[in-house]
Amino acid sequence: MTATLSSAAPSAKASTYSAHLTNGDPSKASAAYKPTHPGRFQVKFQPGSYNSCLVTQRRFAKDETLAMMDSAEYSNEKRYSTVQVGKDRHIELNSDLLYINHSCEPSVRFEVDGPHDTWKAVAERDIEAGEALSFFYPSTEWSMSQPFPCNCGSKSCLDRISGAKDIPAQTLRKYFVNKHIQELKDEQSAV
Ligand SMILES: C[S@@+](CC[C@H](N)C(=O)[O-])C[C@H]1O[C@@H](n2cnc3c(N)ncnc32)[C@H](O)[C@@H]1O
């Protein structure tokens, strides 16, 4: 149940999405929770800070769009909750997509290369109902405001996730990354 996108560019204003305003207090967040994409995915609130995740409610086929980022608004600041959509542009998703965790073997990719009304979350592979979703944060983020030790548990885990800036070009080449990240890596490699 995604709303039609406005053709106007998203403005930079305070987030209108309430579930994450508690920033890591899942008991408060879950009490007021209304799924933004019912029938597709929902937040699984878990105790502790930043332990919650987004779980599918149905199957998605490889390359299927899980959701358009049609509630996104530009953010004046880079935060743990923002997604980078250009070299100097960050957005708040204002939807349950916020709860997609990072994985070094992700099930989802965030495509944010084109105009704002094409930004979307797409299945990297077939995804079953009940799976926790993940995307590769450095595919959008160059230098993250809140780096963390990764607990994705994948064989190819990169351990500390701080943004594409800190990942060798050779490693980054194995992943889908957005155009602004590839350009920033090329500029960094050229120095
Ligand atoms: C946009 S939030 C994702 C939702 C978050 N799990 C929550 O409960 O609010 C990003 C934060 O989640 C945590 N996170 C996401 N993926 C992680 C991972 N693979 N390992 C450890 N922490 C992770 C980090 O604290 C990160 O700053």
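**Note on the predicted model**

1. Ser154 is found in the loop that runs between S11 and S12. Ser154 counts as buried at 14% relative accessibility, where buried means under 20% relative accessible area, exposed over 50% and partly exposed in between, with a 1.4 Å probe and protein chains only. Not counting residues up to four places away in sequence, Ser154 touches Cys104 and Glu105; a contact here means heavy atoms within 4.5 Å.

2. On the basis of the numbers: this is a predicted model, in which local features need pLDDT of at least 70 and side-chain atom pairs count only at pLDDT 80 or more, while totals for chains, interfaces and linings use all residues. Residues are numbered from 1 along each chain as its sequence is written, and side-chain values use heavy atoms, with hydrogens and water left out.

3. On confidence: pLDDT is the predictor's confidence in each residue, from 0 to 100. Its mean over the protein chain is 90, and 87% of the residues reach 70 or more. Residues 1–7 stay under 50, and the model has 11 contacts for them beyond four places in sequence. Where pLDDT is low, the predicted coordinates should not be read in detail.

4. On the overall make-up: the protein chain has three helices and 12 strands. Both are DSSP runs numbered from the N terminus, helices being H or I with at least four residues and strands E with at least two. Of the 191 residues in the protein chain, buried ones make up 45%. Of the contacts between residues at least 6 apart in sequence, 63% join residues at least 24 apart. The accessible surface of the chain comes to about 9,700 Å², and 49% of this belongs to carbon and sulfur atoms; such areas come from the Shrake-Rupley method with a 1.4 Å probe, and for residues only the protein chains shown count as cover.

5. Which residues of H3 are buried? They are His180, Ile181, Leu184 and Lys185. Seen down the axis of H3, the buried residues fall within an arc of 135°, so they line one face of the helix; the arc is that of the directions from the helix axis to the C-beta atoms. An α-helix has 3.6 residues a turn, so residues three or four places apart point the same way. Strand S5 (82–86) and helix H2 (169–172) are included in what covers the buried residues of H3. Helix H3 itself spans residues 179–190, 12 residues, and reaches 16 Å from its first C-alpha to its last, close to the 16 Å expected at 1.5 Å a residue. That expected span is 1.5 Å times one less than the number of residues.

6. On strands S1 and S2: strand S1 (residues 41–44) pairs with S2 in the antiparallel sense over four bridges, pairing being called if DSSP finds at least two bridges between two strands. Phe41 stands opposite Thr56 in S2. From strand S2 (residues 53–56), Cys53 and Val55 point one way and Leu54 and Thr56 the other way, and all are buried. In a regular strand the side chains alternate between the two faces of the sheet.

7. Leu133 has its place in the loop between strand S9 (120–123) and strand S10 (134–135). Leu133 is buried, at a relative accessible area of 2%. Leu133 and Cys53 are 80 residues apart in sequence, yet 7.4 Å apart in space, C-alpha to C-alpha. Leaving aside neighbours within four places in sequence, the contacts of Leu133 include Phe41, Leu54, Thr56 and Leu66.

8. Where does Tyr17 lie? Its place is in the segment before helix H1 (26–31). Tyr17 is buried, with a relative accessible area of 6%. Thr36 and Tyr17 are 19 residues apart in sequence and 9.4 Å apart in space, C-alpha to C-alpha. Not counting residues up to four places away in sequence, Tyr17 touches Thr36, Val43, Asn94, Ser95, Asp96, Leu98 and Tyr99.

9. His90 lies in strand S6 (residues 89–92) and is buried, with a relative accessible area of 13%. Leaving aside neighbours within four places in sequence, His90 is in contact with several residues, among them Glu73, Tyr74 and Gln84.

10. Two backbone points remain. Asp63, in the loop between S2 and strand S3 (65–68), has a phi near 75°, a positive value in a residue other than glycine; at 43% relative accessibility Asp63 counts as partly exposed. Asp159 also has a positive phi, of about 75°, although it is not a glycine. Asp159 is in the loop between strand S11 (148–149) and strand S12 (160–161) and counts as exposed at 53% relative accessibility.
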